[in-house]
Amino acid sequence: MALAKTRTLNKIEIVGSFKHLQARYEIKVTDGDEIVATSYERESYAPNTSIASLPTELQPYATTAWTSDVVSAYNDHIAEYLAAEETE
């Protein structure tokens, strides 16, 4: 049999005050009907990420979580952080 690798969205989390979007994917390697290996990988997206650039299955979650208030607060936080870095 030939080995096959599949990547399936396994978990979606919205975390923190800035509503970062985390996606966990399950990677399965199969040989016919037998699972040979399983692993996981994660991707994380900040609220200043373009929703159109996200994987299609994540876009509805980002649209709901990333309100204009959340995005503005996140952008303000980043600007404050960068300003503090410049003064050091």
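The exercises below work through the fold, the surface and the salt bridges of one predicted model.

Residues are numbered from 1 along each chain as its sequence is written. Because the model is predicted, local features need pLDDT of at least 70 and side-chain atom pairs count only at pLDDT 80 or more, while totals for chains, interfaces and linings use all residues, and side-chain values use heavy atoms, with hydrogens and water left out.

**Exercise 1.** Describe the order of the secondary structure elements in the protein chain and set its radius of gyration against that of a compact globule.

*Solution.* Start with the elements, where helices (H or I, at least four residues) and strands (E, at least two) are DSSP runs numbered from the N terminus. The protein chain has two helices and three strands, which follow one another from the N terminus as β-β-β-α-α. Next, take the radius of gyration over C-alpha atoms, with the globule rule being 2.2 Å times the number of residues to the power 0.38. For 88 residues a compact globule would come near 12 Å, whereas the protein chain has 18 Å. Finally, along the principal axes, the C-alpha atoms fill a box of roughly 60 × 30 × 20 Å.

**Exercise 2.** Determine what share of the residues of the protein chain is buried.

**Exercise 3.** Identify the salt-bridge partners of R7 and state which strands the pairs connect.

*Solution.* Begin with the criterion: a salt bridge is a side-chain nitrogen of Lys or Arg within 4 Å of a carboxyl oxygen of Asp or Glu. The whole structure holds four salt bridges. In one of them R7 pairs with E41, with the closest N and O atoms 2.6 Å apart; this pair links strand β3 (residues 34-45), which holds E41, to strand β1 (residues 3-15), which holds R7, across 34 residues. R7 also pairs with E43, again with 2.6 Å between the closest N and O atoms, and since E43 lies in strand β3 and R7 in strand β1, the pair ties together parts that are 36 residues apart in sequence. As for accessibility, R7 is partly exposed at 41%, as are E41 at 34% and E43 at 25%.

**Exercise 4.** Classify both residues of the salt bridge between K28 and E26 as buried, partly exposed or exposed.

*Solution.* The closest N and O atoms of K28 and E26 are 3.8 Å apart. K28 has a relative accessible area of 26% and is partly exposed, whereas E26, at 16%, counts as buried.

Conventions
Buried < 20%, exposed > 50% of the residue type's maximum accessible area, 1.4 Å probe, protein only.
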